[in-house]
Amino acid sequence: MMGTREGEELVKAFCLDVACAAPMERIDRVRRGIAPVWVNRLARAMRIADEHLVLYLGLDRRAMARRMAGGERLDPHDSEAIVATAKLLGDTFLALAAGGQAVREVDIARQLGMWLRTPTPDLDHQAPIQYLDVTEGRELVARLWVGRYTGNGKFAMPAA
């Protein structure tokens, strides 16, 4: 079992790697498939129950469990959802670093997880997590999350 800090560092590295990759690299990664363990790691980092993240990303829970048990990679549909979620978090890490803000990465992942579960007027008072099961919904959620930046380039952290 890996320690919490080690897990946080792995998630940060994975998310930054995805965010920094060129689009064709991300497409290739999705087509090759993502290891199912990243669902669990991302869920833990965002303080979302694994089964809830699986549900809201529109992943096939049984296929994922079977692939995890067999050491197989996820199919492209499921991998795309994981890559999009990792990119959202990685883009946030990069923006904060560029803005010179000193915020712990674990706080960002936790804040994203909280924000995803909080209904917003921008989505007819539904939680952003309810839109993560399709590509268009993930893009909408990413635009709303990025929209939390203020005009001075600082990230507007949600209230804890």
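The largest pocket is lined by 17 residues. Ala84, Lys87, Arg138, Glu139 and Ala142 lie nearest its centre. A pocket here is an open set of points on a 1 Å grid over the protein atoms alone, where a 1.4 Å probe fits, with protein on both sides within 12 Å along at least five of seven lines; lining residues have an atom within 4 Å of a point. The model is predicted: local features need pLDDT of at least 70, side-chain atom pairs count only at pLDDT 80 or more, and totals for chains, interfaces and linings use all residues. Residues are numbered from 1 along each chain as its sequence is written, and side-chain values use heavy atoms, without hydrogens or water.

The space in the largest pocket is about 360 Å³, taken as that filled by probe spheres set on the points, which are joined across faces, edges and corners. Helices α2 (23–32), α6 (76–98) and α8 (135–146) each supply at least two lining residues. The largest share, seven residues, comes from α6. Helices are DSSP runs (H or I, at least four residues), numbered from the N terminus. The lining divides into nine nonpolar, two polar and six charged residues. Asp, Glu, Lys and Arg count as charged; Ala, Val, Leu, Ile, Met, Phe, Trp, Tyr, Cys and Pro as nonpolar; the others, Gly among them, as polar.

Two aromatic pairs were found. Rings of Phe, Tyr and Trp (its six-membered ring) pair if their centres lie within 6.5 Å; planes under 30 degrees apart count as stacked, over 60 as edge-to-face and the rest as tilted. Phe14 and Trp38 are stacked, at 4.0 Å centre to centre and 10° between the planes. Phe14 lies in α1 (residues 4–20) and Trp38 in α3 (residues 37–46), 24 residues apart. Phe14 is buried at 7% relative accessible area, and Trp38 is buried at 13%. Buried means under 20%, exposed over 50% and partly exposed in between (1.4 Å probe, protein chains only). The Trp115 and Trp145 rings have centres 5.1 Å apart and planes at 50°, so this pair is tilted. Trp115 belongs to α7 (residues 105–116) and Trp145 to α8, so the pair ties together parts 30 residues apart in sequence. Both are buried.

The largest nonpolar core holds 37 residues. Such a core is a set of buried Ala, Val, Leu, Ile, Met, Phe, Trp, Tyr and Cys residues joined through side-chain atoms within 4.5 Å. Leu42, Ile82, Leu89 and Leu116 touch the most other members. Helix α6 gives the most to this core, with eight residues.
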